[in-house]
Structure formats: structure tokens, C-alpha cells
Amino acid sequence: MTRTMLVAALAAATVLSGSAARATDLEVIHWWTSPGETAAVHTFRDAFNNDGQGDKWVDDAIADGNTARSTDMSRIQGGDPPGASQFNPGREYEELIKNNQLLDLTDLATAGNWAKLIRPAEVASGCIVDGHWWCVPVNIHSWNWGWYSKAAFKTAGLPEPKDFQEYMADLPKLKAAGIIPFAIGGDGGGWQIAGAFGVIQTEELGHADRDKILHDKDLTLAGGPKMKQVFADFKTLSQNSDSGYANRNWNDTWKLVDSGKAALQIMGDWARGEFAAKGEVGTKDFGCMIGLDEAHPTVSTDGDVFVFPKQTDPDKEAAQKRLANLIISPAVQLAFNNAKGSAPVRGDVDLSNADPCMQKTLDVLNNHPEDIVTGAQRWLSNDTTNQMNDLFTKFFNDPNYTVDQAQADYVKIIQNAN
Amino acid sequence: MVHGAIAERHGTPDQRSGQTAPTGNYAAQGDNLAERTRKKLPIAAIIATIPLMIESVGVYIFGIGLSVYFSFTNTVVFPDYKLVGFKQYERLWSTDVWITAVKNIWIFGILSIIANLVFGYLLAVFMDQRIKQEDLLRTIFLYPFAMSLIVTGLVWQWVLDPNYGLTATMHELGWTSFYFSPLNDANTALYGLVVAGVWQGAGVTMAILLAGLRGVDAEIWKAARVDGIPAWRTYLFIALPMMRGAVATVLVLQCIGVLRIYDIIVSMTGAGPGNATMMPAVYVLQYLSDRQNAAQGMAAATTMLLPVVLVLIAVGLFRLFRRRKVVTL
């Protein structure tokens with residue numbers, strides 16, 4: 001009698017544990033580790049964990065973007081793909097698409113009418129290859145911002161800058177007042193330095209010429225006088241920074257501006273997420289110079305996307321599709337983007353209470369599409385981007401590397417871009 | 001033939017590599033010896049080495065072969081088998097960062113090996129003085145070698161940090177003009193790496209050289225004392241030349257360590273500031289993983305292999321000619 005009961009109990013336990021094991025755990029690799037970014041990614045996590053299907057978000061945050069992406073690559077190649085991975089829209093995942101490693105989201109996109117919902121069209125185009133959707137856009141980030149400390153400019157007795165040229169003229173007075181005029185960090189292969197360079201390049205050249213260089217690979221413009229001025233201005237900025245920048249990450253650099261030790265940081269609007277995490281309000285507690293020129297704003301269509309590597313388990317695939325739909329849903333878009341500092345990809349999310357700096361972005365997105373530029377990494381391969389990072393890092397670092405030498409090497413990189 | 005016999009027995013038994021190279025001496029008994037060894041073929045030993053043989057051929061040789069093949073392709077992340085000639089090598093040798101890496105590894109290698117040998121030998125001489133706490137001291141000196149290079153690099157990065165490390169401590173103790181933070185300046189970062197590398201490697205160098213010292217015949221020391229030669233001269237000009245085997249071992253270990261250097265660079269400087277402390281292995285791994293250009297990384301790796309292959313060929317030829325000389329005597 002006892003033996004039968006024991007066997008029955010064991011059988012019941014196996015069946016019960018079997019059904020519990022069917023709840024899907026999705027491992028998600030991303031690089032959102034700063035306080036603002038963590039608050040934002042938790043909105044995804046909470047939405048997924050509470051979707052009523054027993055799904056569980058297994059967080060796998062890797063602090064450096066380069067490391068996270070190469071982890072994705074090696075895991076997918078090695079046959080142990082993560083459930084979902086963060087990428088930036090562009091060419092970073094084109095190898096994965098070419099080799100058939102990603103889940104096709106076209107049926108979700110058609111059902112959810114993503115092509116109509118997502119604005120502007122450049123954001124959606126980052127995920128569409130050969131008419132198929134391979135990723136879900138998560139947000140719109142613009143790189144073209146100058147975040148500045150109102151207190152720092154007040155200490156130096158200067159009015160708040162309205163454009164880049166005014167800021168460049170302010171540099172000596174800021175330095176004399178004991179403030180770090182330009183805050184930047186040199187970590188992660190130089191992505192911050194390269195990003196700042198790109199923003200200055202867009203402001204000084206204008207959208208058309210900048211697109212000609214980066215998309216059409218126009219070598220005459222790349223070697224021309226306007227680009228030379230960009231390099232010269234960047235050299236000046238390198239002489240107006242502090243000596244501790246070498247391995248500093250972007251949010252530690254942001255702290256310098258927030259505390260008033262530094263005057264200005266050129267950084268994407270994920271920096272606004274840091275201000276938001278501290279409860280600070282744009283234009284009131286801190287300054288945001290859109291596109292480095294308030295009179296001619298620029299918004300770039302950078303941001304993040306989520307790709308879903310192919311799984312062998314159909315339950316996991318179903319969970320991946322659930323996550324994709326959650327990410328694009330209005331409620332989650334609102335919560336995530338408010339915390340992150342980015343703009344939602346949907347036009348139908350109510351953001352009337354958004355931060356004044358975000359309002360500047362939304363005004364451009366909704367009313368002035370001619371002020372939108374496409375992020376350069378859509379056109380440049382990972383390899384080319386890294387070569388440019390090397391070039392700008394060396395240029396920022398080495399006082400003996402002249403403007404002419406750097407511009408000549410820049411032209412070479414554009415020429416050899418694959 | 002007598003000449004050859006003495007030449008063969010030079011050096012203490014523990015420093016020989018364990019092979020018995022057939023010399024003029026054995027040539028006469030050659031056939032008998034070969035017959036005897038063939039009858040006693042150790043089957044068990046051969047079976048035991050089969051996994052190693054499979055791994056050597058399957059992993060190392062096959063892997064190296066594939067790497068060399070892919071260095072002639074355009075492989076980005078997933079394998080692309082189309083050959084494109086020497087494109088990757090042309091790009092490699094016109095890349096600033098690679099030239100820096102090659103320059104760095106020579107400077108770092110020579111400095112590191114010399115410093116390790118000098119400090120290692122000094123420590124060995126110190127330990128040879130029949131100290132009471134010899135075992136304890138030897139353990140302490142060997143501890144750094146037991147630490148992974150990542151931990152070593154991180155610890156030294158903190159020690160050499162101007163805001164937290166040695167510099168700050170000295171300032172707090174009152175010595176305000178002290179400054180030892182080589183890692184922050186592109187020109188001196190390499191020397192900071194040498195310091196950390198020597199800290200890590202001097203202990204094991206000491207252990208090997210101490211064993212070599214102990215292997216020198218006691219009669220030599222007595223004879224030197226009788227002749228009135230000062231101790232430091234004995235150590236430098238008499239004992240050291242007799243320790244060829246130990247020194248060779250140390251040199252080989254050091255060279256291998258230098259050529260492969262990666263973890264300490266990544267943890268101490270991240271190849272920075274800028275790309276000032278880039279090394280070939282760091283370049284290879286960056287291109288294989290972060291930069292998604294596997295073919296470029298493999299071209300760099302194959303280039304790293306070349307000097308090793310050349311040295312092996314040179315040593316092989318040298319051995320070949322040396323043996324011939326002994327036999328004809």
C-alpha cells in the first residue's frame with residue numbers, strides 16, 4: 001500500500017514539475033546599466049513577467065556595448081543563443097540576418113500595423129531587410145545634444161549658449177573660472193569621442209553635406225575646408241577637457257556636468273534619463289542644446305532595437321513574439337521612454353507631461369521632419385565605425401597628430417569603407 | 001670520440017631534457033639499443049597519449065590550419081570560404097594600431113625579460129644564503145605567480161591610479177612631490193605594465209634559478225673560495241654560465257608569456273590611453289570579437305605565428321648540424 005502511494009506521489013510530482021518547467025524563461029542581453037537605463041529596462045521586465053503567460057525575464061546586462069554585442073555573436077555562433085538581444089539599428093546584425101539566425105517578425109508587424117504606427121519611416125527601415133521585419137524598434141534616441149550645467153555658465157558669468165559657435169567662444173572664460181569646459185570620456189574604444197565628433201560634423205556641415213560624406217562617401221567633401229574646420233574645432237575641444245577622461249564611462253562624465261564641475265557634454269539623449277532618475281527637469285535644472293543649435297535643431301534616428309535569435313523550442317519562440325508585442329505596445333512605450341529619455345517609436349503615445357527637452361524632440365519628430373538625420377551607423381559597417389573611433393581617439397589624445405594628418409586618414413577610411 | 005663523450009656529459013643530469021640523443025658513443029651499440037627498445041614498446045603509454053595526439057592534431061593543427069585559411073578570405077563573423085589573396089595582410093601592415101602593437105611587444109618583451117631575469121636571479125642569490133625561513137619566503141615570493149593576470153592587472157591599475165593608489169598614499173604621508181602613475185600617460189604606460197609583469201613573474205623565475213643554483217656542484221663553490229674569488233663574482237661569472245638549462249627554461253617561459261600577453265593589458269589599461277599599449281594578441285581578439293572582422297584577426301594571428309615557426313626551423317637546423325659535427329668526430 002505504502003509503495004503504491006509512494007509511486008503515485010512521485011508520478012504526481014513529476015507531472016507537476018513538468019508543467020512548471022513549461023513556463024518560458026527568456027534570457028535578454030543588453031547594455032543598459034546606468035541608473036536611468038536600469039529604471040527603463042525594468043519596465044520591460046515587469047511587463048513581461050506580468051503578462052499572465054508565466055513568462056520570466058532573465059536579465060543579462062553587460063556594461064559595455066561592444067562586449068555585449070560580441071557576446072551575442074559568439075553565443076549565437078556557438079549554438080546557445082539568448083532569447084532577446086539589444087542592438088542599435090544599422091548594420092550590426094546584418095550578418096545574423098544573412099545567415100538566417102533571427103526570428104522573422106513580419107507576421108507580427110503586419111498584424112500590428114507597425115509600418116503605419118512607427119514614425120518616422122527611417123526608424124522602421126532599420127529593421128526591414130528584403131521586405132521582412134527582423135527586429136522591433138524600441139525607442140528613438142538622438143545623438144545631437146549638448147547637455148550643459150546652468151550653474152557652471154553662471155559662475156563664469158556667461159549667458160547660456162544658444163549654438164555651438166557661441167559655446168566655442170565661451171571656452172576660455174569657462175577655463176579661467178576653474179570649470180572643465182568640455183566633459184568627455186574615452187572608454188569603450190572611443191565611442192563617446194566619435195559620437196561627439198559626429199554631432200559637431202552635422203552642425204557645421206549641415207545635413208546635406210554630412211549625408212554626402214557618410215552615405216555617398218564623397219571624398220572631395222571629406223577632404224574639404226568645412227571638414228578641416230570640424231577637425232580644428234575638435235582639436236580645440238581636446239585642449240579644453242580634463243586629464244581624467246582616458247577610461248571614463250559616459251555616465252561618470254555626465255556626473256561632472258550635473259555637479260557643475262564641467263560646463264557641457266555632447267551626448268545622446270539617454271543622458272536625459274540620468275537627469276530624470278535624479279528628478280531633474282530639463283531647461284529648469286539643466287540645459288539641453290538641441291542639435292548644438294537651437295535655431296536649427298537636428299534630431300537623429302539613432303536608438304535601440306531588439307532582435308530575437310532563432311530558438312529550437314517553439315514555446316520560446318511564442319514567448320519571444322509576446323515580448324516583441326509588449327515592447328511596441330503603447331503603455332510600455334510610454335513607461336520605458338519616459339524613464340529612458342528617448343522618444344517613443346509610436347506617434348500615438350500621449351506625452352503631454354513629458355520633459356521640456358523631450359518636447360523639443362517631439363516637436364521635430366511630429367512637425368519638422370526635414371530636421372531629422374539618419375544615424376550614420378546605418379551606412380557604416382562595424383569595422384569602419386571602429387576605424388573611425390580609433391582615428392578620433394588618437395586625434396583627441398595625441399597633440400602631435402595634426403588636423404591635416406587626421407583629415408587625410410579620415411578620407412582614407414571613407415575611401416575603404418565596405 | 002672521447003671529446004664527444006665529455007661534451008655530452010657537460011651539465012648536471014637534472015638540466016638535461018631527458019632525451020638521449022644518439023651520439024658517436026652509442027653509434028656502435030646502435031642496432032642493439034634500437035632492438036631492445038623496440039621489444040619493450042610501452043603500449044600503455046602510447047594508448048595514454050592517443051587523446052593528446054587527437055587533440056593536438058584535431059584542435060591545434062586543424063585550428064591553426066583553418067585560421068591561416070580564413071586569413072586569406074573576407075570572413076566577418078560567419079565563415080566565408082572565398083579566397084581574396086593578401087588583402088587582409090596589406091591592410092594589417094598599413095594599420096597604425098598594428099604597427100604600434102608590434103613595436104610595443106618588442107619593447108615590453110625585452111624590458112620584461114631582462115627585468116625578470118635580473119630580479120629573479122637577485123632573489124635566487126638572496127634565497128641561496130641558507131636562510132632559516134627559506135620555505136616560507138619562497139612561498140611568499142611565488143604567490144604573485146598564482147594570481148591570475150586579470151587580478152594582477154586590476155590591482156596594479158588601482159595601485160598606480162593617481163587618485164587612489166601609491167601616489168595618493170605618499171601625498172597623504174606628507175611626500176607631496178611624489179608621482180608614480182605611469183599608466184595615465186601614453187609615453188610611460190608601457191613601463192607601468194613592465195612593473196606589474198615583473199612583480200608577477202619574478203617569483204617563478206627565482207624558483208627555477210634557485211633550483212639551477214643548487215644544482216651547481218658544491219666543489220665549485222669551495223674551489224672559488226679557496227682561490228679567493230669574491231662571492232658576487234662567483235655567482236655572476238662562474239655559477240650563472242653553469243646554469244644554462246635553468247636560464248634556458250626561464251627564457252622560454254618568459255618568451256611564451258610575452259608573446260601571448262593579453263589579460264594583463266585588458267585589465268590594466270584596456271590597450272589605452274588611446275591605443276598606446278596595444279599588443280598583437282589584443283589586436284587579434286579585438287578584431288575577432290568586438291570588431292566583427294574575423295579575417296583581419298586571423299591575419300594578425302598568422303603573422304604572430306611566423307616568428308615562432310622561423311625560430312623552430314632555425315633551432316631544428318641548428319640541432320641537425322650540431323649532431324652531424326659530433327658524429328663525424
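**Entry 1**

I found that the axes of helix α2 (residues 35–49) of chain A and helix α17 (residues 330–340) of chain A come within 7 Å and cross at roughly 165°. Axes are lines fitted to C-alpha atoms, for helices over the stretch in contact, with angles from 0 to 180 degrees between N-to-C directions. Helices (H or I, at least four residues) and strands (E, at least two) are DSSP runs, numbered from the N terminus. I therefore recorded α2(A) and α17(A) as roughly antiparallel to each other; the classes are under 35 degrees for roughly parallel, over 145 for roughly antiparallel, 65 to 115 for roughly perpendicular, and oblique for the rest.

I noted the residues in contact (C-beta atoms, placed from the backbone, within 7 Å). From α2(A) they are A:Gly36, A:Glu37, A:Ala39, A:Ala40, A:Thr43, A:Phe44 and A:Ala47, and from α17(A) A:Val332, A:Ala335, A:Phe336, A:Ala339 and A:Lys340. By class, this contact of α2(A) with α17(A) has eight nonpolar, two polar and two charged residues. Ala, Val, Leu, Ile, Met, Phe, Trp, Tyr, Cys and Pro count as nonpolar, Asp, Glu, Lys and Arg as charged, and the others, Gly among them, as polar.

The model is predicted: local features need pLDDT of at least 70 and side-chain atom pairs pLDDT 80 or more, whereas totals for chains, interfaces and linings use all residues. Residues are numbered from 1 along each chain as its sequence is written, and chains are lettered from A and ligands numbered from 1 in the order in which they are written.

**Entry 2: α10 and α19**

I looked next at helix α10 (residues 191–205) and helix α19 (residues 382–397) of chain A, whose axes come within 8 Å and cross at roughly 90°. That makes α10(A) roughly perpendicular to α19(A). A:Trp191, A:Ile193, A:Ala194 and A:Phe197 of α10(A) meet A:Met388, A:Asn389, A:Phe392, A:Thr393 and A:Phe396 of α19(A).

**Entry 3: chain A against chain B**

I recorded 16 residues of chain A in contact with 16 residues of chain B. On the side of chain A that touches chain B, α19(A) gives the most, with seven residues. That side has two nonpolar, nine polar and five charged residues.

**Entry 4: A:Pro369**

I located A:Pro369 in the loop between α18 (356–367) and β13 (372–373) of chain A. The C-alpha atoms of A:Pro369 and A:Gly341, 28 residues apart along the chain, are separated by 20 Å.

Note on methods
Contact = placed C-beta atoms within 7 Å.
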